[in-house]
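Here is a briefing on the fold, the packing and the inner spaces of one protein model. Look it over with the points below at hand.

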Amino acid sequence: KDTRLSGYMFEAALEAGSVAAGVNVMLIGPLPTPGIAYLTRKFQCSFGVVISASHNFYDDNGIKFFDADGGKLSDEIEASIEAELDRDPITRSSKDLGRASRVDKSRRHYQDFCAESVPKGMTLEGMKLVVDCANGAGYKVVPRTLADLGAEIIPIGCSPNGRNINDGCGSTAPGLLQLTVPGVRAAAGVALDGDGDRLVMVDGLGRIVDGDQLIYIIATARKRAGTLRGPVVGTIMSNLGLEVGLREQGIEFKRAKVGDRYVLGMLREHSGEVGGETSGHILLLDKTTTGDALMAALQVLAVMRETGRSLAELAAGMPRFPQTMINVKVARRFDPHAVPEVDEAVQKVTRDLGGDGRVVLRPSGTEPVIRVMVEAREEADTLRCAEEIAAVVRRVAS
């Protein structure tokens, strides 16, 4: 689980229900979501469970499952689990009950697993880092792992109280990190979300280095070393600058639908290893099976140490195209591309932008809005074109 107050309640309920069904349960946490994915494989468990609502505030909570290989479940399996919720629970007789045990010291296995991902013999000696764990699941293991490798750690967002997870801290609110890094003259800042599967970094000048830029740094370093396999995979929302920057380095780039499971599916389909989302959900399939903020941060820090270049210098190789996003509220969700008037507006804007921009329209998966995103070399063009398309969407949706 992560550090939410309600996590202990859900943990007790899941423990009781599992043991009653004859399942042996190992309890650990708080621990990052990718830590559970790893330990599920290491201990040869049937499945892993994480109690977390990721980057949401403390008053939300949720449950994530991993299969025996440490991978996320398919949509079909998740639907079949939900179908079982309406049925009576299965319980065993007293002699067939499962056992529960706490294995909190096993977090060391995950720390060692991550630390061993950097080149052998490499240390972070002399590197000062500010680490913001969002008062979440990584608040113990992340500072300890980086400190064990020799870094000087200045922790923020590492004092959870059950209610302050993701509250003004972490990858979704890195303002304090941006102030602290230049204030203490640190080499970089590392920010996780509440369950530790997303990473955002801050350079020495306090500027955000997002998921697209981190993917660029990792992929281009592997290209130089001759170890990059397959294409890099982003999503339809990844910045066009990532695609352009990788193309300039001779690296193929593909786009999947929004969602790490779709990035994962495309990586596997094309035998790739590096991919992720702008939010910082980064997949490194040669290292682990799911998004892992600590693992990704270590790869970036290793590039800094190997090249002797700052995070700002490494990120500067990727051009960033301005983006404008407009959320158009609608009475009901619909496919905007299926409406001829909207599609015509999109085609017109695309022609106007030529090869220096792109348009993305998609319905939100969680709220009644159509997201209109336009990217171009000039910010004024993104604003004008996004408003032009949004006006058409509003008109047909009214």
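Predicted model: local features only at pLDDT ≥ 70, side-chain atom pairs only at ≥ 80, totals over all residues.

A pocket, on a 1 Å grid over the protein atoms alone, is an open set of points with protein on both sides within 12 Å along at least five of seven lines; a cavity is a set of points where a 1.4 Å probe fits but cannot get out, and lining residues have an atom within 4 Å of a point. Grid points are joined across faces, edges and corners, and a volume is the space filled by probe spheres set on the points.

Residues are numbered from 1 along each chain as its sequence is written, and side-chain values use heavy atoms, with hydrogens and water left out.

**Pocket and cavity**

- The second largest pocket has 15 lining residues, and V258, G259, R362, G365 and T366 lie nearest its centre.
- Helices (H or I, at least four residues) and strands (E, at least two) are DSSP runs, numbered from the N terminus.
- α9 (260-269), β14 (323-329) and β15 (357-363) are the elements that give two or more residues to this pocket's lining.
- α9 supplies the largest share of that lining, three residues.
- Ala, Val, Leu, Ile, Met, Phe, Trp, Tyr, Cys and Pro count as nonpolar, Asp, Glu, Lys and Arg as charged, and the others, Gly among them, as polar.
- The lining of the second largest pocket has four nonpolar, five polar and six charged residues.
- The count is one cavity of 30 Å³ or more.

**The five-stranded sheet**

- Five strands form an open sheet of mixed pairing, in the order β6-β5-β7-β8-β9.
- Two strands pair if DSSP finds at least two bridges between them.
- β6 (152-156) and β9 (208-209) are the edge strands, each with a single partner, so one side of each has no neighbour in the sheet.
- β8 (residues 199-202) pairs with β9 in the antiparallel sense over two bridges.
- In that pairing, M201 stands opposite V209.
- Contact means heavy atoms within 4.5 Å.
- Axes are lines fitted to C-alpha atoms, for helices over the stretch in contact, and angles run from 0 to 180 degrees between N-to-C directions.
- α6 (residues 175-183) packs on the sheet and touches β5 (128-132), β6, β7 (188-192), β8 and β9, with its direction at about 160° to that of β7.
- α10 (residues 293-307) lies across β5, β7 and β8, at about 35° to β8.

**The three-stranded sheet**

- Three strands form an open antiparallel sheet in the order β14-β16-β15.
- β14 and β15 are at the edges with a single partner each, so one side of each lacks a neighbour in the sheet.
- The twist averages 15° from one strand to the next.
- Seven bridges join β14 to β16 (residues 369-376) in the antiparallel sense.
- T324 stands opposite V374 in β16.
- α12 lies across β15 and β16, running at about 160° to β15.
- α13 touches β14, β15 and β16, and its direction makes about 155° with that of β16.

**Helix pairs**

- α12 (residues 340-353) and α13 (residues 379-397) pack at about 170°, with axes 9 Å apart.
- That makes α12 roughly antiparallel to α13.
- Angles under 35 degrees count as roughly parallel, over 145 as roughly antiparallel, 65 to 115 as roughly perpendicular and the rest as oblique.
- Their contact has 10 nonpolar, no polar and five charged residues.
- The axes of α7 (residues 211-225) and α8 (residues 240-248) come within 10 Å and cross at roughly 10°.
- α7 and α8 are therefore roughly parallel.
- D212, Y216, A219 and T220 in α7 meet L242, G245 and L246 in α8.

**Backbone points to check**

- Most residues other than glycine have a negative phi, and most peptide bonds are trans.
- The G29 to P30 peptide bond is cis, with omega near 5°.
- P30 sits in the loop between β1 (25-27) and α2 (33-42).
- R185, in the loop between α6 and β7, has a positive phi near 60°.
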